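Subject: Structure handover

Hello,

I am passing a structure on to you, and my notes on it come after it. Please keep the structure open while you read.

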Amino acid sequence: MQELINRAKELLADGTVARVLGWKAGDLPYNPEPAYFETEEDLKDFVYNGFCGANLSKYMIEASKLEGKTMVCLKPCDTYSFNQLIKEHRVDREKAYIVGVGCKGKLDIERIRKQGIKGIESIEGAEITDEADTLKIQTIYGEKSISYADGMLERCHVCKGKDHMIFDEQIGESKETKDAERFDEVAKIEAMSPEEKFAYFRSELSKCIRCNACRNACPACSCRKCVFDSNKFDSSQKANVDSFEEKMFHIIRAFHVAGRCTDCGECSRVCPQGIPLHLFNRKFIKDIDELYGEYQAGADTDSKAPLTNYTFEDAEPSIVGKRG
Amino acid sequence: MQRIGVFVCHCGSNIAATVDVSKVAEMSLMEPGVVHAEDYQYMCSEAGQAKIAAAIKEKNLTGIVVCSCSPRMHEATFRKAAERAGLNPYMVEIANIREHCSWIHKDMEEATKKAVILMRAAVAKVNLNAPLQAGESRVTKRALVIGGGIAGIQTALDIADAGYEVDIVEKTPSIGGRMSQLDKTFPTLDCSACILTPKMVEASAHEKITIYTYSEVEKVSGFVGDFTVDIRKKARSVDMNKCTGCGVCQEKCPSKKAPSEFNRGLNTRSAIYTPFAQAIPNVPVIDREACIKFKTGKCGICSKVCQAGAVDYEQKDEIISEKYGAIVVATGFDTINLDKYDEYAYSQSKDVITSLELERVMNAAGPTHGHLERLSDGKAPKEIVFIQCVGSRCSDDRGKPYCSKICCMYTAKHAMLIRDKYPDVNVTVFYIDVRTPGKNFDEFYRRAVEQYGVNYIKGQVGKVIPQPDGKLLVQGSDLLDNRQILKEADMVVLATAIEPNPDVRKIATMLTASIDTNNFLTEAHAKLRPVESPTAGIFLSGVCQGPKDIPETVAQAGAAAVKAIGLLAKDKLMTNPCTAQSDILLCNGCSTCENVCPYGAITYEDKEVNDHGIRETRRVAVVNNALCQGCGACTVACPSGAMDLQGFSNRQILAEVDAICR
Amino acid sequence: MSSEKKQAELIKEISGVNPLKCMKCGKCSASCPSYNEMDIKPHQFVSYVINEDIESLVNSKSLWKCLSCFACVERCPRDVKPGKLIDAARQVVVRQKDQNYLLADEIPELLDPELPQQLLVSAFRRYRR
Amino acid sequence: MPLENKEFKPKIVAFCCNWCSYAGADLAGSSRLTYPADVKIIRVPCSCRVNPMFILRAFEKGADGVIMCGCHPGDCHYSTGNYYARRRMTLLFSMLDYIGVENGRTRVEWVSAAEGVKFSETMNSFVEKIYSLGENVRLGDLRCKS
């Protein structure tokens, strides 16, 4: 972390960048938040630890409009999102000084809590510099410990890899965290009976409170104005006349980002209700891979997206029924 | 709020017999915005249109719904009527209660219910309609004719005579097409070449006609009035400007083993060749597959003997890009492949031939110099059997389900000509039906029977069995006599089904012209617009649209020319105003729409915007309305919903969905 | 439904043939090796089924003269397949004797002198494929 | 509300492209090839105009089946529209299947202007399928907290 701060100071000092986009400590030990730092003084609040899961690439849309360059800290998985945003002309590559930061897996406070750890006061072992395999957690009920891996976000268990797709320089080391298959969860649901599938999704989606956190965090959901807020589709729920949005929101959202979603997992991470929203996106990715060839959104900035592409021999929609 | 009038048509009894039309009108008054409703016998009639106009004026209508036949039938009629009454034509919607309702349902209650729902959907849509203005696009006053057979030649001549430039693109080295391969033509027995060659000469000499032979259409873009076409001029290896057509090169060419396409492979030609003596242009091409120079690098005799120095081995394919206002397809036909008809022994015996091959055999310039002889041993045949409907009227995948139309007549012609020239030869025709609709056609067929003694037997042939002595045993049945026939023949002629030129699929795809299950190009209307493709600016000439004989082809060629001339005579065309439009404030500038647009109608520009007080420069999509054809691909691809299609907007379609599911 | 009509329907069902598709070209009769032995000719089978005269068809010599060579089935341009109609008519006869299609393996032990030999040949042809 | 006595009349929405399938439906009509009145056709310029949102909206509003018809691949009036539509619909249908909605309620069929028979046959078989599936209860409201 210190190396990162030192480099940020240098870049600010020599005028390479006008500001730094990173994370600052929050009011609790496990909720650092995205922040701009414009002076050396500001940087005293800078943190980079196991809880810095937030994907900062989306912030570059606004930062691209600011005067001067912005140093942005991107984890390996965030760089996919950044590439995708370049492809969609949403960020200006010239306005970003990308520091690829190392990643040893990010922590999920909800997951830690689910293991019965409540009343957390401090967490030791979340600092990125440590090679900590265990998290020591001080709670009002005393000290508890769990393995780092057990506290990790779902997405880190199926990590796409620790290579930065795009960067100006790299700081910090990474550690492989992948210990599960990306599509296993999707395949498990696919194997269910229609009744089980429906019951599962209904119970999950019924938790939704339409807080729009998923939409706001998603780097693919970067529309100036979301269709759900626009009257062009009769889908905005400004008055109580229409519940269309309520019912189909997540499916439509997933469709809108299909072929553009990099599977960064922010939607699931930020959902206050713990809905596994990534399962929608990942289903589309799995289908695209299987039907149209493997495609990773954000792996490059010039390939054709699967939904704006076709081949003469594409599968017919009836394949869905045939696959069973 | 709109003021909508609903007009329900009885269409005589076509609609009224199954749909309670007055109920539909009555129910419409309960729909939001509807202030006027009436029903009438024939809405499309002058009196019906007058009723619409009167209501628009009296009730001050802002939109109308006509519940009638398909919009493909009369949408334009009602739009014009509305326009005359001072209403924007795009404020008209049609509820299709005939083709989609009264004609397919029998129960009155059920059909009426459905008609009401279709009316509701149309009312819901028109409530959201907005007046649209058609734009204008220019017309390039030049036509392209694809195919240089009699259809293409006639179309080109007619267009050129009207004073417009025409280009003919022909795949083979010469124009002339199938007709040039024919010996005589029915029912008058004129010599085919005698009536065709003057037309070929006229076309080549016409100052308004440019002929590209040995060339193919490579790419088509644009739209009616403004097509851009890439034509590939294949390397001829002979300089068109230098060649004098003396023919010495063909004489001296040592490679003479290539099968002659013109003679249907019945004999061979040289590697440097013109397909036939009267070829236009009279400039040979080098078949690089057969040429010794191209295969081994040695030879070069043609170049040495050419006094004009026209032979050019280095010549390359050349792509010409040209603009056209109208395109006429005249790609013609070929006979089907007979591999699947083993029972007729076509591949087993040289003496079983197709009718088109017989044309070459009978022709003085053909492989036998016009002598009727067996191709296996050159002997004069004494007994000839003709088999009708080989591959035609066949419902399995071996043949074609349609009647090829020309076979009955040309078989009568062949039979007659043979009996005339060789009275000692017996001719038997096995037929299923003899179809002779046409002027002087049945008289012609009767002459074959009555005057020339051709033996017609009703019944299809089951099998042709080549015998060890070279004869062909024909096993057929006589359905009228109820007996099976075994007949020894010296020659068997198959009236092989015709099919559209296989290249037509590729061409139709380039032109986005629709094609039917048999690869015939679809006409815009089977009866009323038979020479136009549903794709604007594309016209159909000859057999590419359906089987036809020469007089019909020439007539259709002229009709296609007239349609093309009608288009070229206009200086400007009204463009479809149902085009995509991007909402500048919603556009992300992501380029997704640009990626799916088939017309290149979307570009991105940096534009100054004022988004609720925020002034900034944004990269936004801009639609070129002259290029946009209104498919809507971009509207669905657009993640933010900035792109919408006028006339088929998201809200309009959703309103229709809602009305139907209500 | 009259019994004739029923039987005609049954023949259509067993054969899977729509006799209305026939365009009366006579290629079946032209192809038939048993033509001269038959009282009702192959192309006529079709009209007998259309006219629902199953009685005559079932009692015809042709029913047992057909070799099931399937030349007519192969060559029929309209997918009418008179051979299948005859096959179905035979099946109607067999069913009247309370029997049904056989599996090839079952045939040896079921050999019944009453069964027409032609049927066996037909069955062999069918199951050989 | 007791619904048992009420005969099930499905609501079926068919999106037809203007150039091929709508003309195919017209041909079915002019050839008097009947299919159930439950099918209501919405005309769109091209199958690529069909937004997945329209289909979801139809289901939400109580449709029991939605079918989309377009020109055969390769024959699109706009050259490529149906290729995009094919991918979009494949993914959408797969997603619906994934969340437990019967696949039989959605269908894509390519019907040319010449295929009146196919249009009528397609509609007959689709309606039959919808009758066998019964009323659509799932897509009405995914989040319904019953």
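The notes below go through the contacts between chains and then through some parts of single chains.

Please bear in mind that this is a predicted model.

Contacts between chains

Chain B touches chain D through 43 residues, which meet 44 residues of chain D. On the side of chain B that touches chain D, five helices of chain B give two or more residues each: H3 (71–84), H4 (98–102), H5 (108–127), H17 (633–637) and H18 (650–661). Which of these gives the most? That is H18(B), with eight residues. Sorted by class, this side of chain B has 21 nonpolar, 14 polar and eight charged residues.

Chain B also touches chain A: 17 residues of chain B are in contact with 15 residues of chain A. Here helix H16 (592–596) and H18 of chain B each supply at least two residues on the chain B side. The classes on this side of chain B are six nonpolar, eight polar and three charged.

Chain D

Chain D contains four helices and four strands. Along the sequence they follow the pattern β-α-β-α-β-α-β-α. Of the 146 residues in chain D, 72% are buried. Among contacts in chain D with a separation of 6 or more, 82% are between residues 24 or more positions apart.

One residue to look at is Tyr78(D), in the loop between strand S3 (65–70) and helix H3 (81–98) of chain D. Is Tyr78(D) buried or exposed? Tyr78(D) has 25 other C-beta atoms within 10 Å, and a residue counts as buried at 20 or more, so Tyr78(D) is buried. Leaving aside neighbours within four places in sequence, Tyr78(D) is in contact with Cys46(D) and also with Thr512(B), Pro598(B), Gln629(B) and Cys631(B). Trp19(D) is 59 residues away from Tyr78(D) in sequence, yet their C-alpha atoms are 9.5 Å apart.

Chain B

Three strands of chain B form an open sheet, in the order S11-S12-S17, with antiparallel pairing. The edge strands are S11(B) (215–223) and S17(B) (318–324), and each of them pairs on one side only. From one strand to the next, the twist averages 20°. Strand S12 (226–233) of chain B pairs with S17(B) over seven bridges, in the antiparallel sense. To find this pairing on screen, look for Thr228(B), which stands opposite Lys323(B) in S17(B).

Elsewhere in chain B, Arg447(B) lies in helix H13 (441–450). Why is Arg447(B) called partly exposed? Arg447(B) has 15 other C-beta atoms within 10 Å; buried needs 20 or more and exposed needs 12 or fewer, so Arg447(B) falls in between. Apart from neighbours within four places in sequence, Arg447(B) is in contact with Met416(B) and Tyr452(B). The C-alpha atoms of Arg447(B) and Ala412(B) are 8.8 Å apart, while the two residues are 35 residues apart along the chain.

Chain A

In chain A, strand S6 (120–124) and strand S7 (134–139) pair in the antiparallel sense over four bridges. Glu124(A) has Lys136(A) in S7(A) as its bridge partner. S7(A) also pairs with strand S8 (142–147) of chain A, again antiparallel, over six bridges. In that pairing Ile137(A) is opposite Lys144(A) in S8(A). How many residues are there in the hairpin that joins S7(A) to S8(A)? The hairpin joins these strands through two residues.

As background, side chains in a regular strand alternate between the two faces of the sheet.

Chain C

In chain C, helix H3 (42–50) is mostly covered, with seven of its nine residues buried. These are Pro42(C), His43(C), Gln44(C), Phe45(C), Val46(C), Tyr48(C) and Val49(C). What do the buried residues of H3(C) pack against? They pack against five helices of chain C: H1 (3–15), H2 (27–31), H4 (54–58), H6 (71–75) and H7 (82–96). Just after H3(C) comes Glu52(C), which takes a positive phi of about 60°.

Regards

Note on methods
Residues numbered from 1 in each chain as written. Chains lettered and ligands numbered in written order. Predicted model: local features only at pLDDT ≥ 70, side-chain atom pairs only at ≥ 80, totals over all residues. Contact = placed C-beta atoms within 7 Å. Nonpolar A, V, L, I, M, F, W, Y, C, P; charged D, E, K, R; others polar. Pairing = 2+ DSSP bridges. Axes fitted to C-alpha atoms, helices over the stretch in contact; angles between N-to-C directions.
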